[in-house]
Amino acid sequence: MLNLQRLTIFVAVVEAGSFTAAAVALGQTKAAVSFNIKQLEAELGVSLLVRSTRRLSLTDSGERFYLRCQRLLEEAENLLDDVQQDHGGLSGVLRITSTPEYGAQVVVPALAAFSRQHPQLRIQHVSSSYHADLIAERFDVAIRLGQLADSSLRAAPIGSFAILPVASAGYLAERPITHLAELAQAAWLAHSRLSSPLSWQVTTPGKQAVLFKVETPPTIMADSATALLSFAKHGAGVALLPDWQVAPSLANGDLQALLPDHGFPRQSIYALYPNTRHVPEKVRVFIDFLREWVR
């Protein structure tokens, strides 16, 4: 039978990069760490680590074993959290990742309210425009917007939002836009991380679905919605942005929504979480909470 403590030591060694650093992190002696790794390798009958004078590296077997250890230890931790939750509320650590924009606008306020309801739960939020590896980086939940790529992760729908073409009053004074043909000829601000940032299905006032394509190359491309919002406010052109992001700028007059009788495709909000047999209570409760918060 595998010893969970030895698995914990093995994972610590891999993540710390050395026996010495792992010993410090675990509060143990280097000799104790080394002994437990040797015992683990003896029990398994395989070498997990290649030791050299400069660094440690994983063998092929060690790499596979490390990934499984991460999942096993995570499930053991989640099981303990659930048992403790039955007696004293949610506890442990909840690690969440989201994009910076949606995180600041929606996820962080929701997490602040969630934290007040569950004071024993420690929350870690990471803002990143890049899609993290939930398993390798040990995230419990990732909040994703738009279309999902194929994945082995579970996806829980949270809600949806509208996307709106917007421009400043200064831009529109020079190049007014009153119909789709004019919108197609506008100076567009595009998101560089989208595969097709200038082509959408649009619903007309007569409820017809038409393919709308911008006819000129984008004037400016940027890798964040925050940058596109700023470019639009400074009169650089037209941007297609989420309603939750542009609402303050529309309210104070910095931006104007274009062709409000036309509908661009609504975007979905998902909570992604690892596809494990045991879904932690803290994950289930937070997803339900966020769904109600967004609603």
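## Salt bridges

A search of the whole structure, which is a predicted model, finds five salt bridges. A salt bridge is a side-chain nitrogen of Lys or Arg within 4 Å of a carboxyl oxygen of Asp or Glu. One of them joins E281 to R284, with the closest N and O atoms 2.5 Å apart. Both residues belong to helix α10 (residues 281-294), and because they are three residues apart, about one helical turn separates them. Helices (H or I, at least four residues) and strands (E, at least two) are DSSP runs, numbered from the N terminus. E281 is partly exposed, with a relative accessible area of 21%, and R284 is also counted as partly exposed, at 38%. Here buried means under 20% relative accessible area, exposed means over 50%, and partly exposed lies in between (1.4 Å probe, protein chains only).

Another salt bridge links R291 with D288, where the closest N and O atoms are 3.1 Å apart. These two residues likewise lie in helix α10, three residues apart, or about one turn of the helix. R291 is partly exposed at 21% relative accessible area, and D288 is partly exposed at 43%. R295 forms a salt bridge with E292, with 2.8 Å between the closest N and O atoms. R295 is exposed, its relative accessible area being 67%.

## Basis of the values

Residues are numbered from 1 along each chain as its sequence is written, and side-chain values use heavy atoms, with hydrogens and water left out. As the model is predicted, local features need pLDDT of at least 70 and side-chain atom pairs count only at pLDDT 80 or more, while totals for chains, interfaces and linings use all residues.

## A five-stranded sheet

Five strands form an open sheet with mixed pairing, in the order β11-β8-β12-β7-β13. Two strands pair if DSSP finds at least two bridges between them. Strands of a sheet pair through backbone hydrogen bonds, either parallel or antiparallel.

Strand β7 (residues 163-167) and strand β12 (residues 238-242) run antiparallel and are joined by four bridges. Within this pair, L164 has L241 as its bridge partner, and P165 stands opposite L240. β7 also pairs with β13 in the antiparallel sense, over two bridges; there, V166 stands opposite A257. Four of the five residues of β7 are buried, and the strand is thus mostly covered.

## Nonpolar cores

A nonpolar core is a set of buried Ala, Val, Leu, Ile, Met, Phe, Trp, Tyr and Cys residues joined through side-chain atoms within 4.5 Å. The largest such core has 48 residues, of which I143, I177, L183, W188, W200, F212 and V238 touch the most other members. Helix α5 (residues 100-117) gives the most to this core, with seven residues. Apart from it lies another core of 19 residues, including L7, A12, L48 and C69.

The surroundings of I143 can be described through its contacts, meaning heavy atoms within 4.5 Å. Leaving aside neighbours within four places in sequence, I143 is in contact with I96, T97, S98, T99, Y102, V107, I269, Y270, A271 and L290.

## A nonpolar surface patch

L2, L44 and V46 form a nonpolar patch on the surface, with about 200 Å² of accessible area together. Accessible areas come from the Shrake-Rupley method with a 1.4 Å probe; for residues, only the protein chains shown count as cover. Patches are made of residues with over 30% relative accessible area and no salt bridge, with like charges joined within 9 Å and nonpolar side chains (Val, Leu, Ile, Met, Phe, Trp, Tyr) within 5 Å. L44 is found in helix α3 (residues 30-44).

## Residues in loops

T216 lies in the loop between β10 (209-213) and β11 (220-222), and is partly exposed at 28% relative accessible area. Beyond its neighbours within four places in sequence, T216 is in contact with A184, Q185, A186 and L198. T216 and L198 are 18 residues apart in sequence and 9.2 Å apart in space, C-alpha to C-alpha.

K207 has a positive phi of about 70° although it is not a glycine. K207 is placed in the loop between β9 (199-203) and β10, and counts as exposed at 71% relative accessibility. L259, also a residue other than glycine, has a positive phi near 45°. The loop that holds L259 runs between β13 and β14 (267-273), and L259 counts as buried at 8% relative accessibility.
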